[in-house]
Amino acid sequence: MKLFAALTALSASLVMTGAALSQSDDTDETPFVPEGYELTGETRSCLSLTRIDSIDTINESAWLVTMRNRDAYLTRVGSGCRSAARPFTYISYSVPGSQLCRGEIVRVMDQGSDTVVGSCGIGEFEKLSPLPEDAS
């Protein structure tokens, strides 16, 4: 029960501002990469909840996960979480352990009414590497 309360508090602290870091309207098969980063090819199925610093909406289908050590990961989410890109929403999740893993269901909550406005599964976490200052 204490773990559930801690996870609920953590999820409430991950308020989604809805401000997109970068937008992409590409319709080709090129994977979306946030501005200032490149994909490393390394993927992880799970990330430790205690090491996650923030989760930011990049666009309707991609979120940037920043770790406390400044590592960054890209995760793709299903269409049910499109509302996370809107202002005044936050994400909420309850996981059985101490990690956020691929396939976990995440709920998008409205801050004002505290009601569910969407839900989706999280994808794999793709590690990002910052581009050198002069390359971005």
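Which cysteine does a disulfide join to Cys46? In this predicted model, the partner of Cys46 is Cys101, with a distance of 2.0 Å from S to S. The two cysteines come from distant parts of the chain, since Cys46 belongs to strand β3 and Cys101 to strand β8 (residues 99-101), 55 residues apart. Both Cys46 and Cys101 are buried, and the link between them is right-handed, with 110° about the S-S bond.

The disulfides of the protein number two, and the other one joins Cys81 to Cys120, again with 2.0 Å from S to S. Here the torsion about the S-S bond is about -95°, so the disulfide of Cys81 and Cys120 is left-handed. Because Cys81 lies in the loop between β6 and β7 (89-92) while Cys120 lies in strand β10, this pair ties together parts that are 39 residues apart in sequence. Cys81 counts as buried at 1% relative accessibility, and Cys120 counts as buried at 6%. Counted along the chain, the bonded cysteines follow the pattern 1-3, 2-4.

| Disulfide | S to S distance |
|---|---|
| Cys46 and Cys101 | 2.0 Å |
| Cys81 and Cys120 | 2.0 Å |

Turning to the nonpolar cores, the largest holds 20 residues, of which Ile52, Trp63, Val65 and Leu100 touch the most other members. Strands β4 (52-59), β5, β6 (72-77), β9 (105-110) and β10 (116-130) each supply at least two residues of this core.

Beyond its neighbours within four places in sequence, Ile52 is in contact with Leu47, Val65, Thr66, Met67, Arg68 and Leu100. Thr66, which is found in strand β5 (residues 62-67), touches Ile52, Asp53, Ser54 and Asp71 when residues up to four places away in sequence are not counted. Is Thr66 buried or exposed? Its relative accessibility is 8%, which is under the 20% limit, and Thr66 therefore counts as buried.

Confidence should be kept in view when these details are read. The protein averages a pLDDT of 81, and 75% of the residues score at least 70. Among the elements, strand β3 (residues 46-48) has the highest mean pLDDT, 97, whereas strand β1 (residues 15-16) has the lowest, 38. Over residues 1-28 the pLDDT stays under 50, and for this stretch the model has 55 contacts beyond four places in sequence.

Definitions and conventions
Residues are numbered from 1 along each chain as its sequence is written. This is a predicted model: local features need pLDDT of at least 70, side-chain atom pairs count only at pLDDT 80 or more; totals for chains, interfaces and linings use all residues. Side-chain values use heavy atoms; hydrogens and water are left out. pLDDT is the predictor's confidence in each residue, from 0 to 100. Helices (H or I, at least four residues) and strands (E, at least two) are DSSP runs, numbered from the N terminus. Contact means heavy atoms within 4.5 Å. Buried means under 20% relative accessible area, exposed over 50%, partly exposed in between (1.4 Å probe, protein chains only). A nonpolar core is a set of buried Ala, Val, Leu, Ile, Met, Phe, Trp, Tyr and Cys residues joined through side-chain atoms within 4.5 Å. A disulfide is a pair of cysteine sulfur atoms within 2.5 Å.
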